[in-house]
Each structure stands twice: as structure tokens, then as C-alpha cells.
Amino acid sequence: MNAGEASTSESQPLLSMRGVAKRYGEREALRGVSFDAHAGEMVAVIGPNGAGKTTLLSIVAGVQPATSGEVRMADGAAAGRGVGWGVGWVPQHPALYSRLSVAENLELFARLERNPDPSAAVATMLEQTGLRERAGERVEHLSGGNRQRVNIAIGLLSDPAVLILDEPSSSLDPRQRERLWHFIGALSQRGRCVLFSTHNVAEAERYAQRVLVLADGEPLFIGSPVELARAAGSEEELGFEGAFVEFLRKRGH
Amino acid sequence: MRWLLKKDLLILARSRLLVGVLVLYPIAVALLIGLAISRAPAKPKVAIANLSPPSATVELGGTRLNVAHYYSQLLTQVQPVPVATRAAAVQAVRSGRALAAIVIPANLAARLSSVTRQAHVEVIYNSNALEQSFVRSTIESALAQANLQLSNQIRQVAARVIGDLVRGGNLGVAGTPQNLPGLGEIPAIVRTVIAHHPPAADRAQLRRIAEFAEFANQNLGVAHEVLSTISQPIQVSDAYLHGGRTPLDAYAVVVAVSISLMFVCVLLAAGGIALEREEHTLARLVRGSDGAGERSGRPGRAHPGRALVTRELLIAQKLLLAAGCALMVAFVLLAGIGAFVHLEWGRAGQWLAALAFAALAFAALGVAIGALAREVRAASLLAFLLSLPLAFLALVPAGSVAGGLYDAIRVVSFVFPYKAALEALDAAVNRTTPGLLISLAHLLGLTVLFAALARLGLRRVD
């Protein structure tokens, strides 16, 4: 399926992007990105370096505005099922106060999100991310994997309908990665729409129902990993990573 | 905002070394600068070889002047290192025990008494240009003072002798005739003589003598004023604008406190906002604030969310935090120094107003710096690099540099808060002008300007 078209799902999308473009002066970082994402779906955004993956995710997360186009949430989703935020954001680098403890970080963001019961939200997140034992520990003393867990926990504090993760596994070892994807998969199974970017295309093939391929800001493909391999014309011989590279090569990237 | 404030205070409390440095360093710098400004330069060590006999006197018009008085005048402006001979004086300078030497010759009194020959005092400098420049002006000033004192004494003697000539009587000088007629009396005496003198050719001569005596009396009558004018042609009278002289100590307090306030404010504010970037939390806090909460579908703007904190609120929070902390440090410093230097405690309200407005302007500058930098260390370095020269530029006195350069300094000082803060504090503590209100308005304008620049710097958060 060509990128820029609506998703294949029949249900109403939680997140909808239409013609989203971003320019930095003369440089066009993104052009005409349109796609829908649904509840319980995991969508991977893949592409070479400088493709516009982080730009796209940061626009969805509201970190920066698009130059043109629009991002929409389904009615009810924008308000979140909890407290206001429709979109939870987990940036590539853990966005945490290293001199505060895990619990203090969670409580601060819960309060800033005007959570009616910050203590309960903190306790839930500590439980879900398995950080209860580390609650009083300062973030600066945590391992990279645990920092990423806190990073994700903050993104989930408002119980968002859509979760945006920018290269969530990049700083983790294989064991930590496995745990992370297990955790994210469970979120998706509970009905959250997960949009993530990754350089590891094997992760995209394994965990995403659909992949969005970007190159030089241009959306090249959106569909299932199997469909991408088929579009590359080399399903069996090259494996998914080889198929992805072949797909890019055929498209002149 | 209170949760952000609480968070920042918690982080500060856990960064004790940083807080210690942030408070102690500016206070130390401020006190050093204050001391440097308030203390008079140290008196240079000067070897003095007084070869005149201790009892040497100069006799003028029957009055004796003690040469020791001239010597003591010199001692008031230097740290004297007494030596016995010229050679010892030279050795003292060579060895570095003294920066220079003054040799008062044995014949000083004789030369002065002769009136026809000038007396000479020898000054010996070493060859170090830096030390020479330091000591030369002091010695020249000391010698000029001593010369002036001596010349005043000579003038007084001369004026008294001339007065005696005009008034007549007993001159009090041994060997002079008693009950001499003064020049003022001579015309009347001569006219009486002429009246009783037969008309003859010598009457014309007597009239000439009377006219001369009258002329001499009139002119010598103003001799005292003329001599005063000659000995000190220009007399200086002091006039101070703005109501009075600011004591140097009080001004030094103002400088010390304003520098302390500047450092704490600028560093805290710059570090505070840069920390949000360094920890990558800035984007998390303000995401959604560009068209936040709008669901209208307006192209390029619609986004389903709202910011945890707007950029404006974040700037305001950093401003208040930095200004509040710095205000506390500065007020304690001002009060502490007030224990040693006389300050008007009745004006504490004005001090607080000046400190508060200055703190806000400095904090706004700090936030603008922090918004441009990507990490705390870069922000701190930039804050230091900018603050120090600004403070020194604001302290450059008018007339000490070329006109064009001073104009440029004035412009730079006007657009940064240090000078305005200095003027506000000076007005609050010492009642100087421009008045407090004008300085406060200036500081408020700068606060708005730098806060706007900070908002511009925070446009991009990634």
C-alpha cells in the first residue's frame, strides 16, 4: 500500500494525520504524511537517518507544530481516559530530572498533568514498570534501562490513548529490550495505540502490525511488514531487513 | 508553578556544592571589589635620607621656619623608611626595600634662607617602569604639598614684613630702629613739613616723596592678597550635584551588593533554564503549547493536547526562583555590610525595591542566556563571560576614556541591567540621581526585553 493513504482498518482511527509537512527554512523535513492509527495497534516508523522519523513523532506529540497539515484525535481520545492528555510521549533521551528520585519525578509530572490522585498514579506506574523497589533512588544512579522505564512511566502517567515512543530500545541491552517490548505489547493489548520509531527493523517486523517507511521526509510506504517485503519483491531470500533495504534502493534511497 | 518551584528548590538543595559556590563566589568577588574601591591605595615605601641637621631653620624677615616641618609633610603621604645617607637610600631602592628614595640635602635651610638660590631635593627611582609609575605620582604629590606648605609660611612672613612697613612702629627685628613711621603715615608727615617750609625748589622734591609714599602705601596695602594669589593662583572649592557626596564606603557597598546580586541571579536563571534542556525535560514540559488544546483542525496548528507548562510560565518561574534566591543573598549581604558601614536603615524599603527590580532584570538576562545555551556548563560560562565585562564597563568613570568609547560604553551599559541596577541601589542607599523611580522603570523595561528574548530562545525545544 502506498503511503499517504488511510489505514486498512475498518474501525474509527484514534489518531489521524492528513498532509502533515514540516519545513526548517528552505529544508523540507517532512512532506505530505497521512495515515491513521487505531486502538490496540502498534505502528513502527522506520527509515534511514534523517528520514524525518523524530520530526514526525514530535509533531504528533505536540513538541513542535507542523508547517502544514493536521493531526487529529478521535472524539474522547484527546481527553484521554484519565486526565487530559490524549498522547503520551516517550522521547528518545530520557526526559527526567536526574537529581530527583524515581517517585519524585513521577509525582512531579503527575501533578503537572493535574492528575486528581497523583499518589495513586505514581504507585500504579511504579507497579506497572517494576520500579517499586527503586522508587526512592535518584535517577542519576539508575541504569540506562531503568531510566528508560521511568521515561516510559512518565509518558503513561495520564493513561493516554496514544503512546508515542521515539527509538525506545536504542540504549538497551537485548534482555532489557525484550522486557521493554513485552511491556509495550501489553499496553497495546490493553487497547492503546502505540506509534514508535526504530532503527532496528527486526523489532518493527516483530512487534508492529504496520510500518510507515519514511525517507528524506517523504512517506514511501504504510502497511504490514509482510506487505513491505512483498513490495520489495524479495520476501524469502533477503529477510525483512534485506527487503527493507531493497525497497529503499528501488525507490532511489 | 509551585510544583516547578518546589522541584527546582529540591534540586538546588541537593546540589550543595553548586549552591555554595553560587553564593560564596559572588560574595567573595563583591567584597574584594568593594574593598578595592573603598580602600585608599597603599602608601608606597620610600626611603628618606634627611641630611639636614635636626635643628636646621630657615630665617626669613626675622622669623624662623623649621625644616623638620617640611620633612614631616613628606611623611604623611608615603611609608617612610628612614636612612642615614644618600648611599643607604640608593641601596634601599636597589634592594627593593623601598620603591624610591628622597634625599633632603644638608644645605636645604641655607639655600632657602639665601632667597636667591633654589633649594634642591633629590628623588631616586628604580628602573622598574611599573613601580615607577606607582610611586612617582605619590612622591610628586607629596613634594608639591610640602612645597605648598613651605611657600605658605614664607608668604605669611613676607606679608607680615610688608604690613610692618606700611603700618610702621617697632618691627621686632633686632637692630632695626624703634618707632619707625609707616608708609601710610609718611604723606601726612611730609605735607606738614611742606606747610611749614619756605617756598623753594626743594618743596617740589618733598611733594614727590609724599606722592611716592602714598603710591607705595596704596600698592603695598594689597600685597597680602597679591602674595596669596601668587602662592596659590587657583583655589579649589568643591560642589556636589545630587545633594551631597556619596561616601566611598557606601558606594563600595552598592557595587559589592549589585555584583553579588548579578552573579547569583544570572547564574541561577541561566543554569535553571539550561538544565531543562540538558535533562531533555523542556520538550516534555512545554509540548502542546504551540496551538495547545486546539482541536479546530486549523492547518499546521491543530494538536490534540495541552502543555503541562507554557513557555511564558516557565520563564516566569525561573525568573522568580532566581530573583527570590538572589534577593535573599543580596539583602543579607547588604545588611551584613551595614554593620560595618553606616547605612540608613530607614530606607530599607527603598533598598528592597531596588534589589527586587534589579534581581528581576538580572534573572531575565540569565533566562535569555539559558534559553540560548543547550547545557548548564555552557550557560554558566556564557553568563560569566557576559556579566563580568558588563560590571566593569558600568564602573568606568566618565572622562577616563576617549569620548567616543565612553559613548559606546554608555550604550552597552544602558541595554544591560548592571548599570541601571547600580544606579537604583545607589539611589536607594545614598539618595543619588537619577532617582529611584527612573532606575526602577529602566530595570522593568530591561526585564521585559530580556524575558521576550528568552521566549524567542525557547521557540525550539528539541
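This is a predicted model: local features need pLDDT of at least 70, side-chain atom pairs count only at pLDDT 80 or more; totals for chains, interfaces and linings use all residues.
Local features need pLDDT of at least 70, side-chain atom pairs count only at pLDDT 80 or more, and totals for chains, interfaces and linings use all residues. Residues are numbered from 1 along each chain as its sequence is written, with chains lettered from A and ligands numbered from 1 in the order in which they are written.

Me: Which strands stand at the edges of the open sheet of 6 strands in chain A?
Reply: The strand order is β5-β6-β7-β3-β8-β9 in chain A, with mixed pairing. Strands here are DSSP runs of E, at least two residues, and helices are runs of H or I, at least four residues, numbered from the N terminus. Two strands pair if DSSP finds at least two bridges between them. Two strands have a single partner each, so one side of each is left without a neighbour in the sheet: β5 (87–90) and β9 (218–223) of chain A.

Me: Which residue of β7(A) is the bridge partner of Met42(A)?
Reply: Met42(A) lies in β3 (residues 42–46) of chain A, which pairs with β7 (residues 193–197) of chain A in the parallel sense over 4 bridges. The partner of Met42(A) is Val194(A).

Me: Which residue of β8(A) stands opposite Val45(A)?
Reply: β3(A) also pairs with β8(A), in the parallel sense over 4 bridges. Opposite Val45(A) stands Leu212(A).

Me: What is the phi of Gly62(A), which follows α1(A)?
Reply: Helix α1 (residues 53–61) of chain A is mostly covered, with 8 of its 9 residues buried. Among them are Lys53(A), Leu56(A) and Val60(A). Gly62(A) comes after this helix, and its phi is positive, near 85 degrees.

Me: What is the handedness of the crossing of α2(A) and α3(A)?
Reply: Helices α2 (residues 102–112) and α3 (residues 118–128) of chain A pack at about 130 degrees, with axes 9 Å apart; axes are lines fitted to C-alpha atoms, for helices over the stretch in contact, and angles run from 0 to 180 degrees between N-to-C directions. That makes the pair oblique, because angles under 35 degrees count as roughly parallel, over 145 as roughly antiparallel, 65 to 115 as roughly perpendicular and the rest as oblique. A crossing is left-handed if the near helix is turned anticlockwise from the far one by less than a right angle, and right-handed if clockwise. This one is right-handed.

Me: Which residues is Ala326(B) in contact with, leaving aside its neighbours within four places in sequence?
Reply: Two residues are in contact if their C-beta atoms, placed from the backbone, lie within 7 Å. For Ala326(B), the list is Leu261(B), Val264(B), Cys265(B), Leu268(B), Ala359(B) and Phe362(B).

Me: Which residue of β4(B) is the bridge partner of Lys45(B)?
Reply: Chain B has an open sheet of 4 strands in the order β4-β1-β5-β6, with mixed pairing. β1 (residues 45–50) of chain B pairs with β4(B) in the parallel sense over 5 bridges. The partner of Lys45(B) is Gln79(B).

Me: What percentage of the residues of chain B count as buried?
Reply: Chain B has 17 helices and 8 strands. Among its contacts between residues at least 6 apart in sequence, 73% join residues at least 24 apart. Of its 462 residues, the buried share is 35%.

Technical notes. A residue is buried if 20 or more other C-beta atoms lie within 10 Å of its own, exposed if 12 or fewer, and partly exposed in between; C-beta atoms are placed from the backbone.
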